[in-house]
Amino acid sequence: MKRFLLSLATASVVAASPGVSMAQTNALPNTPTTKILAVGTFPAGTDMQLVQRTLPTEVRETAQLYLEGKIDQWYSLQDRPGVAFILNVTDIGKAHEMLEALPLGKAHLMTFSLFPIGPLKPMGILVNAPVTQ
């Protein structure tokens, strides 16, 4: 197990290292999008008093999305006001539409950066690598 974790860490570093071309390493397999990471922040100049008045409705509607299984996890950002959601959605357009329908989105008080995410790519290389004894 220790060897496996070391190999995984090494593959991750090599794959993510700047200056390492894919020609120098095994081509990483395509990774399917299984979730979307949504990072919501407040644009410069946002009226935070209006945000505070909107929050009770925002929280209720966000909790409803969680109960419907559309939001898997939700977090606060540590370095600035905002949120991070792991969405059970695979389509960026649908994720954007869902988040813009929330009260803060409707009022243009919060903007989201959306990132498709999926299984760790280097894991595929390690799973398919020949076993050495």
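This is a predicted model: local features need pLDDT of at least 70, side-chain atom pairs count only at pLDDT 80 or more; totals for chains, interfaces and linings use all residues.
**Exercise 1.** Find what the buried residues of helix H2 pack against.

*Solution.* Start with the contacts: the buried residues of H2 pack against S2, S3, H3 and helix H4 (103-106), where contact means heavy atoms within 4.5 Å. Helices (H or I, at least four residues) and strands (E, at least two) are DSSP runs, numbered from the N terminus. Next, name the buried residues: Val 51, Thr 54, Glu 58, Thr 62 and Leu 65. Buried means under 20% relative accessible area (1.4 Å probe, protein chains only).

Residues are numbered from 1 along each chain as its sequence is written, and side-chain values use heavy atoms, with hydrogens and water left out.

**Exercise 2.** Check the span of H2 against its 20 residues.

*Solution.* Take 1.5 Å times one less than the number of residues. For H2 this should give 28 Å, and the end C-alpha atoms are 27 Å apart, which agrees. Now look along the helix: H2 bends by about 45° at Thr 54, and Pro 56 follows within four residues. The bend is the angle between axes fitted to the seven residues ending there and the seven starting there.

**Exercise 3.** Work out the strand order of the open sheet.

*Solution.* The order of the 4 strands is S2-S3-S1-S4, with antiparallel pairing; two strands pair if DSSP finds at least two bridges between them. The edge strands are then S2 (71-76) and S4 (111-117), each pairing on one side only.

Notes: Buried means under 20% relative accessible area, exposed over 50%, partly exposed in between (1.4 Å probe, protein chains only).
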